[in-house]
Amino acid sequence: MSVIELFDTTNWHNPLNADDQQRAVKAIENGKVLYFPNLSFYLDEAETFLLDPQILMKGAKNISYDYRQPQLKGAVCQADAAHSLQELMHRFFNFSQQLVDHVLPYYHSNTCFARTSFRPAEIEGRVTSYKKDDTRLHVDAFPATPNQGTRILRVFSNVSPVGKPRIWRVGEPFEAVAKRFLPQIKKPFPGARWALHKLGLTKSYRTLYDHYMLQIHDKMKADLTYQKTANQEKIEFAAESTWMVMTDHVSHAAMSGQHLLEQTIHLPISGMKYPELSPFRIVERLTSPQ
Ligand code: SIN
Ligand code: FE
């Protein structure tokens, strides 16, 4: 059974029909990737110069945009190029907003849109520490930004101008990942997470759930045997396609590709249709005394 749930829609201006909306919410909460091979986010001809990876600040792997500020981070370019890029990223934010509303209207009043990201560099061959290496299977969990159980929903569009697919590996279901790695994880040191917060090293308090998720993330990436032998599927996301996935739940690795736009959306567990499928509930169930 594939991890891909296909939708043939070609535009983001109209809602999906009611059956497809049901199929979408069920699939995404069960850890599937909603794939829209015929849905493209287009750049204008005059914007294509922004695709040059030189626009990335040294050492940065993406440029991020926050529509609430609004500001760009990680770009080095002239003011007019920065202005064009900001407009492009804002348009992608609007595109994602409409798409989420039309595909997953169940979430409407509970979504919180966060950063937009532009990734103009080729992934393959990039050198980083293993914890930052997204070519290794992982679930998303970030050391400085605990999410305390809130879901991470992401919209991606491959905007390659030369037809290059983005290649991912998608691993086993979250429950299998958690069952494998949780037994290796120690409880945190008393007071450590409180200190991290007080020192400003985490944006909010790292809950026990965040501790487990971060450890699962790190242990998955550190285990090279697991990387090779875990059940997995290779997926090619074609140029000019779009997909949506809950990356805190779906084990994923980005192997190659260039030119991606991504929008992060947060969703509280209470806004889910099937909250018992959330990583939070799964971790809670697997770590509570029998
Ligand atoms: C990731 O979320 O791990 C990377 C996804 C991508 O850049 O394709
Ligand atoms: Fe990731």
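Visitor: Which residues have the most contacts inside the largest nonpolar core?

Guide: This is a predicted model, by the way. Inside that core, the residues with the most contacts are Leu34, Ile63, Leu85, Val103, Leu104 and Met244. The core has 45 residues.

Visitor: Which elements give two or more residues to this core?

Guide: On the helix side there's H1 (18-29) and H2 (79-103). On the strand side you have E2 (33-36), E3, E5, E6, E9 and E11 (260-267).

Visitor: And where does the largest share come from?

Guide: From H2, with 11 residues.

Visitor: Let's pick one of those, leucine 104. What is it in contact with, leaving aside its neighbours within four places in sequence?

Guide: Leucine 104 is in contact with Ala24, Val25 and Ile28, and also with Leu99, Leu153 and Met244.

Visitor: OK, what about another core, apart from this one: how many residues does that have?

Guide: That other core has 20 residues, including Ala141, Phe174, Met220 and Val283.

Visitor: Changing topic: which residues coordinate the iron ion, ligand 2?

Guide: His138 and His252 each use NE2, and Asp140 uses OD, at 2.1 to 2.2 Å. Along the sequence, the donors follow the spacing H-x1-D-x111-H.

Visitor: Are histidine 138 and histidine 252 buried or exposed?

Guide: Both are buried.

Visitor: What else is in the loop between E5 and E6?

Guide: Isoleucine 123 is found there. That residue is buried, with a relative accessible area of 3%.

Visitor: What does isoleucine 123 touch, not counting residues up to four places away in sequence?

Guide: Thr135, Arg166, Ala254, Met255, Ser256 and Gly257. Take threonine 135: it is 12 residues from isoleucine 123 along the chain, and their C-alpha atoms are separated by 8.0 Å.

Visitor: Now helices. At what angle do H3 and H5 pack?

Guide: Helix H3 (residues 174-181) and helix H5 (residues 208-222) pack at about 85°, and their axes are 10 Å apart. That makes H3 roughly perpendicular to H5.

Visitor: Which residues make the contact?

Guide: H3 brings Phe174, Val177, Ala178 and Phe181, and H5 brings Met213, Ile216, Lys219 and Met220. They divide into 7 nonpolar, no polar and 1 charged.

Visitor: How about glutamate 240, what is its phi?

Guide: Glutamate 240 isn't a glycine either, and its phi is positive, about 65°. You'll find glutamate 240 in the loop between strand E8 (233-237) and strand E9 (242-246). With 40% relative accessibility, glutamate 240 is partly exposed.

Key. Residues are numbered from 1 along each chain as its sequence is written. Chains are lettered from A and ligands numbered from 1 in the order in which they are written. This is a predicted model: local features need pLDDT of at least 70, side-chain atom pairs count only at pLDDT 80 or more; totals for chains, interfaces and linings use all residues. Side-chain values use heavy atoms; hydrogens and water are left out. Axes are lines fitted to C-alpha atoms, for helices over the stretch in contact, and angles run from 0 to 180 degrees between N-to-C directions. Helices (H or I, at least four residues) and strands (E, at least two) are DSSP runs, numbered from the N terminus. Angles under 35 degrees count as roughly parallel, over 145 as roughly antiparallel, 65 to 115 as roughly perpendicular and the rest as oblique. Contact means heavy atoms within 4.5 Å. Ala, Val, Leu, Ile, Met, Phe, Trp, Tyr, Cys and Pro count as nonpolar, Asp, Glu, Lys and Arg as charged, and the others, Gly among them, as polar. Donors are N, O and S atoms within 2.8 Å of the metal (3.2 Å for Na, K and Ca); water is not among the atoms, so sites may look incomplete. Buried means under 20% relative accessible area, exposed over 50%, partly exposed in between (1.4 Å probe, protein chains only). A nonpolar core is a set of buried Ala, Val, Leu, Ile, Met, Phe, Trp, Tyr and Cys residues joined through side-chain atoms within 4.5 Å.
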